[in-house]
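Please look over the sequence and the structure shown here before reading on.

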Amino acid sequence: MAEPRARAARHKGQMNFASELRLLLLAYGDPSPHPSFPSEPLPETVRVLDEIVTDFILELCHGAAQVAHHARRQKIKVDDFRFALRRDPNKLGRVQELLRMERELKEARKAFDQNDDQVAKDAGKKGAASPEDPDGAESVTGTDKTGKKAKGKGKRAAASRRESDATEESVSKKRKTVG
């Protein structure tokens, strides 16, 4: 950090992360000063750590705002924070890991929602299926009941492919071990 900024008067004495810091200190094995004291960390320790964390976040936000200002933008982007953390590979790596995990979770939620929608549509189709085609699916040839060419390869063809793949893959494959 370049130069420490004076804390604004409105933030003076305000605890922003007290409960999280208490749990963090406990997780890292903060010893109590004496067995007769409670297992809670000292309030001064929590206060000092809270000031350090708050100052770090404020400095990081100011640095990202400067990067955005230099790029002639009014809004701060995630890349501005990455740029502000570029000199600390540990923090930058952790930020990138968290952003990757967030993206993966978003994609998984989207796929799960699409899967739910597809199941609901399939349930509606099964109720309206004709007796000669109980699944309401297209035939293996790729045409539907009206004789029009259907999109995709068909559910039955995919199911038969999956079964044949399963029988071929059922042969156990041994991994090579380095010994």
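This is a predicted model: local features need pLDDT of at least 70, side-chain atom pairs count only at pLDDT 80 or more; totals for chains, interfaces and linings use all residues.

**Helix α2 and its buried residues**

Several residues of α2 are buried, namely Val46, Asp50, Thr54, Glu59, Leu60, Gly63, Ala64, Val67 and Ala68, and the buried residues of this helix pack against α1 and α3, the latter running over residues 78-84. After α2 comes Arg72, whose phi is positive, near 60°.

Asp50, which lies in helix α2, has a relative accessible area of 0% and therefore counts as buried, since buried means under 20%. Leu42 is found in the loop between α1 (18-27) and α2 (43-70), and with a relative accessibility of 37% it counts as partly exposed, because that class covers values between the 20% limit for buried and the 50% limit for exposed.

| Pair | Apart in sequence | C-alpha to C-alpha distance |
|---|---|---|
| Asp50 and Asn16 | 34 residues | 6.7 Å |
| Leu42 and Pro31 | 11 residues | 9.8 Å |

**Rings and charges**

A pair of aromatic rings is described by the distance of the centres and the angle of the planes. With the rule used for this model, which asks for ring centres within 6.5 Å, the count of aromatic pairs comes to 0. A ring can also have a charge over it, and here the charged end of Arg86 sits over the ring of Phe83, at 4.0 Å from the centre of that ring.

**The protein as a whole**

The protein has 5 helices and 0 strands, and from the N terminus on its elements run α-α-α-α-α. Of its 179 residues, 15% count as buried, and the protein exposes about 15,200 Å², of which carbon and sulfur atoms supply 56%. Among the contacts between residues at least 6 apart in sequence, 36% join residues that are at least 24 apart.

Technical notes:
Residues are numbered from 1 along each chain as its sequence is written. Side-chain values use heavy atoms; hydrogens and water are left out. Helices (H or I, at least four residues) and strands (E, at least two) are DSSP runs, numbered from the N terminus. Buried means under 20% relative accessible area, exposed over 50%, partly exposed in between (1.4 Å probe, protein chains only). Rings of Phe, Tyr and Trp (its six-membered ring) pair if their centres lie within 6.5 Å; planes under 30 degrees apart count as stacked, over 60 as edge-to-face and the rest as tilted. A charge sits over a ring if NZ of Lys or CZ of Arg is within 6 Å of the ring centre and within 35 degrees of the ring normal. Contact means heavy atoms within 4.5 Å. Accessible areas come from the Shrake-Rupley method with a 1.4 Å probe; for residues, only the protein chains shown count as cover.
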